[in-house]
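Please find below a colleague's note on the model under review.

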Amino acid sequence: MGATKKEWTREEVAVRILAGETLVVYNNQLLRIPQAWLNAHPGGSLAILHFVGRDATDEIDAYHCDQTLAKIKSYVIGTVETSSGIWEPLVPPIMTGWVRKLSCDGKTAWHNEATPLPPSNISSEILLVQRDSCLLETSGPTLSHLVPPPTTLSLEDQARHSAAYKVLHSRIIDAGLYKTRYITGYGPEIARYLLLAASSAAAYFHDWLITSAVCLGLLWHQLVFTVHDLGHMGVTHDWTKDRLVAILLADFIGGLSVGWWVDNHNVHHLVTNHPSHDPDIEHLPFLAISTAFFNSLWSSYYKRTMVFNRVSAFLISIQHKLFYILLGFGRFNLYANAYGFLWRKAFDHRRAKGGRWSWWLEVIGVLFFWCWFGAVLKGCGSWSRAITYLMVSHVVTSPLHVQARDNFGVLPIVLSHFSMSTDDLGPVESFPHRQLRTTTDVICPPHLSFLHGGLHLQASVLVKEFAKEQDLAYAEFGFISGNGEVLDVLRGVADQAKIVGMVANHEIREAMEKKVR
């Protein structure tokens, strides 16, 4: 592990990272994360790996409770040398396609899973494609891999945004806005859930199957917002209590996996709208919100290439027409992702405290869901009625995939991000700058805010003041205009995909003509 130093230079930190250590800067202190904790981190290893060599102070403070923050000091190995109190970030190895894996001899070694594309018109952008297996793999990343490419951002300006965000964070804490309003906040939510559940059951027993299916779908739609808060430990602020309630709602009642959602969602918040790293915008072959996906990018989350071929080009060329149809089937995609996650975790024995019992409880919850929901479908009386019930109840949840509740750490859905920037501005970009640049808010009248997942519970006014003071854009749209913005983005990428398809067809015809000759 190495001896503890009083102060680490940037060069020394880089050398240790290249040697395989996981080093993160927090409040100008250097944290060394042991492999055991990296494997068992409740938020997933990627949440840490994306901040190796970077200052993660704002992100750590935003997504951890006081009890967790108190434990961080056990990982401190010294302070870092800064310029005027500002740490000059390095590029995390995972951002250039380097990860640590077990080798044949049982030891952890560097593995090059992907390689950066040549620089684009955005000098700071690093997009990954799968590494060519024909190329010889080097022993590991070099210092050049850790040096950030040129950026248009000023390190001093980003530090100023970060300092102002810390003040905002303190203001929200002092105002008690992070404290759960059980009666006035969640009381009406619980009453609404019970009303929808009772309405669905009553309609079902009166053989009003469509009405029952609609009410059940609305119940699932609304429950997800509370599950989101529980996944962020934002209700009781106790991991065990929040996870138990989340499993009850997400797995037993909804048939999904809160464990998968937390793993996916944490990464999304930390690398928002990055084409190679944010799983929430990686939807090939059906959707693409940037022409960057035409490069068949590598996904560091899914560990696979997002292939862009003739089929993808065709589907993307009509994505703006298929958009709402695809969203109607969105819940089936959630099932696939959730169950795939639980299957992978079945073979992962390196879990944090609570990881084992929560996994088993999730599996039991999913089985329980399909038992009761399967019985509901069987009770419909015929296959046609059962399929109708299944489709109606699932399609009703589709607004969930359009809606938004995402400011400084809340729910990521289509409307929040699809119309916003997907540019990579490099590791210099601060947390508040990245969140505001890649996220939009929904303008909604107070009496309808529950439909969008509790917009009435947010600190939007304070965030707007912060954005104005820092001269940062605060994007917000109404529900209708926001959908229009998303469709405009999808249509723009679709038009480019059509051109790509036309060029490909022309090249194929030319090749065939030459062959005939």
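1. In which loop is Pro285 found? In this predicted model, Pro285 is found in the loop between helix 11 (258–270) and strand 9 (298–299).

2. Lys303 is a residue other than glycine with a positive phi, near 55 degrees. Its relative accessible area is 39%, so Lys303 is classed as partly exposed.

3. A positive phi, near 60 degrees, likewise occurs at Asp471, again a residue other than glycine. Asp471 lies in the loop between helix 19 (460–469) and strand 12 (475–478). With a relative accessible area of 71%, Asp471 is exposed, the cut-off for that class being over 50%.

4. Four strands form an open sheet with mixed pairing, in the order 1-4-3-2. Strand 1 (7–8) and strand 2 (22–26) are the edge strands, each pairing on one side only. Strand 1 runs parallel to strand 4 (residues 76–80), and two bridges join them. Within this pair, Glu7 stands opposite Thr79 of strand 4.

5. Two cavities of 30 Å³ or more are present in the structure. The largest cavity contains about 200 Å³ of space. It is lined by 20 residues, of which Arg54, Met95, His274, Asp424 and Gly426 are the closest to its centre. By class, the lining of the largest cavity comprises nine nonpolar, five polar and six charged residues.

Note on methods:
Residues are numbered from 1 along each chain as its sequence is written. This is a predicted model: local features need pLDDT of at least 70, side-chain atom pairs count only at pLDDT 80 or more; totals for chains, interfaces and linings use all residues. Side-chain values use heavy atoms; hydrogens and water are left out. On a 1 Å grid over the protein atoms alone, a cavity is a set of points where a 1.4 Å probe fits but cannot get out, and a pocket is an open set with protein on both sides within 12 Å along at least five of seven lines; lining residues have an atom within 4 Å of a point. Grid points are joined across faces, edges and corners, and a volume is the space filled by probe spheres set on the points. Ala, Val, Leu, Ile, Met, Phe, Trp, Tyr, Cys and Pro count as nonpolar, Asp, Glu, Lys and Arg as charged, and the others, Gly among them, as polar. Two strands pair if DSSP finds at least two bridges between them. Buried means under 20% relative accessible area, exposed over 50%, partly exposed in between (1.4 Å probe, protein chains only).
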